[in-house]
Structures are given as structure tokens and as C-alpha cells.
Amino acid sequence: MLNFSSFTITFSPSFSEQNNMFSFTRTTLRGALVPRIAPRVPLPRFALARPLSSSLPRLHGHIHKPNPGEELHVTFITKDGSQQTFEVAEGDNLLDIAQAYGLDMEGACGGSCACSTCHVIVDPDFYDEIPEPDDDENDMLDLAFGLTETSRLGCQVKMTKELDGLRVALPAMTRNLQSKDFN
């Protein structure tokens, strides 16, 4: 706010993300609105950067608690051959379920279908109940270690009532391609 003996100018800044410009849009001169008096000034790049932060560990593997009577069951067969069955809610995906229960499923891309580290082998009895994989999933599955006819990415398989009792096996290894692999 600028104060002069005969008038007061008040600046109320606003930011437009659309064109990364900063402008003064509300200016009062003796209580009346006047046109913008300051030109639009581009903000420096560092002003647009988000601060670094990390999410809480409890937000990883975020699954929903099933309502009583609506529980679905999924069984994971681990790399050592042991079986672990969990009660899950409809809509949860296999990657989130495995991570929430501490199973060895990496999910390097965070469930965005950009890697093959959540590769699972689905029981053939349930494979046809799962919607067909899209092109992105098929591209990532091509990179998976130990690919089979019933392989899927855990991040893309969402639990439904039709999949109640689903059994999936975790492969012996996963392949996480990184830039250092190409040197």
C-alpha cells in the first residue's frame, strides 16, 4: 500500500498460472477501481518450483478397509512358495495390497504403468475375469522377467467381486531397467 497526501493506492496481486505472469489486478484510488497500473511481469523460474517434501509412509500402499460382509480375498504366492491370503476391498489394486501388507513387490513407478516391477502371474482360473491389458501394460509386460501367458502388472489389476478368491504368484525376479543398465 502506498500512501500519499491526496490519495491511497492499494495493490492486490494475483498470479495467473496459464501464462506464468504476475499482475496487479485490483487497484483503488480514493476507493474507486482503476485499470491495472503495473505491466505484467514474468516470474523467475525458481518461484514456480514446488518445495521438496515426502509423503507419509502410511500413504504408501493405500488400501481401503473392506466393509463388513463385502470383503474380497486375494492370495499371494511369494517367491519362496508360501501363501498369504488377505481380505481387501473392491477397487484396490494388487500393487497397493502387496505393499500395504509388506510383500516383496517393488512398484518402482508408483503404479503408473511405467515399469514391470509389479509383475504378477495370475491363476489361469481367474485370468479371463480380468479386463484385457491395454497397450501400455502390454509394452511394460514385454520387459518383465519370466513372462507367462497369464502375466499382468499388479498396478493394473483392480479387485472386483468377480475376482474374489484370486490367486497370484510373485515371480522369482523382477527387472527394473535404469539408465546405469545401458552404460
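1. T150 is located in the loop that connects helix 3 (135-141) to strand 9 (151-153); helices (H or I, at least four residues) and strands (E, at least two) are DSSP runs, numbered from the N terminus. T150 has a relative accessible area of 14% and is buried, where buried means under 20% relative accessible area, exposed over 50% and partly exposed in between (1.4 Å probe, protein chains only).

2. The model is predicted: local features need pLDDT of at least 70, side-chain atom pairs count only at pLDDT 80 or more, and totals for chains, interfaces and linings use all residues. Residues are numbered from 1 along each chain as its sequence is written, and side-chain values use heavy atoms, with hydrogens and water left out.

3. The surroundings of T150 are as follows. Apart from neighbours within four places in sequence, T150 is in contact with V120, I121, V122, P124 and Y127; contact means heavy atoms within 4.5 Å. A polar atom of the T150 side chain lies 2.9 Å from the backbone oxygen of V122.

4. In the chain, three helices and ten strands are present. Read from the N terminus, the order of elements is β-β-β-β-β-β-β-α-β-α-α-β-β. The chain has 183 residues, of which 31% are buried. Of the contacts between residues at least 6 apart in sequence, 54% join residues at least 24 apart.

5. E90 sits in the loop between strand 7 (83-88) and helix 1 (94-100). E90 is partly exposed, at 45% relative accessible area. With residues up to four places away in sequence not counted, E90 touches L72, M159, T160 and K161. With K161, the side chain of E90 makes a side-chain to side-chain polar contact at 3.4 Å. A polar contact is a pair of N or O atoms within 3.5 Å; within protein, one must be able to donate a hydrogen and the other to accept it, and residues adjacent in sequence count only if both atoms are side-chain atoms. The C-alpha atoms of E90 and D164 are 9.1 Å apart, although 74 residues separate the two along the chain.

6. The whole structure has zero disulfides, a disulfide being a pair of cysteine sulfur atoms within 2.5 Å. The sulfur of C115 has its closest cysteine sulfur in C109, at 3.6 Å, which is too far for a bond. For C155, the closest cysteine sulfur is that of C118, at 3.7 Å, again too far for a bond. C115 is buried at 10% relative accessibility, and C155 is buried with a relative accessible area of 5%.

7. Two cavities of 30 Å³ or more are found in a search of the whole structure. On a 1 Å grid over the protein atoms alone, a cavity is a set of points where a 1.4 Å probe fits but cannot get out, and lining residues have an atom within 4 Å of a point. Grid points are joined across faces, edges and corners, and a volume is the space filled by probe spheres set on the points.

8. The largest cavity holds about 40 Å³ of space. Its lining consists of Y127, D128, I130, P131, E132, P133 and R152, divided into four nonpolar, no polar and three charged residues. Ala, Val, Leu, Ile, Met, Phe, Trp, Tyr, Cys and Pro count as nonpolar, Asp, Glu, Lys and Arg as charged, and the others, Gly among them, as polar.

9. The second largest cavity has a volume of about 30 Å³. K79, D104, M105, T117, H119, L170, P171 and T174 line this second largest cavity, giving three nonpolar, three polar and two charged residues.

How values were computed:
On a 1 Å grid over the protein atoms alone, a cavity is a set of points where a 1.4 Å probe fits but cannot get out, and a pocket is an open set with protein on both sides within 12 Å along at least five of seven lines; lining residues have an atom within 4 Å of a point.
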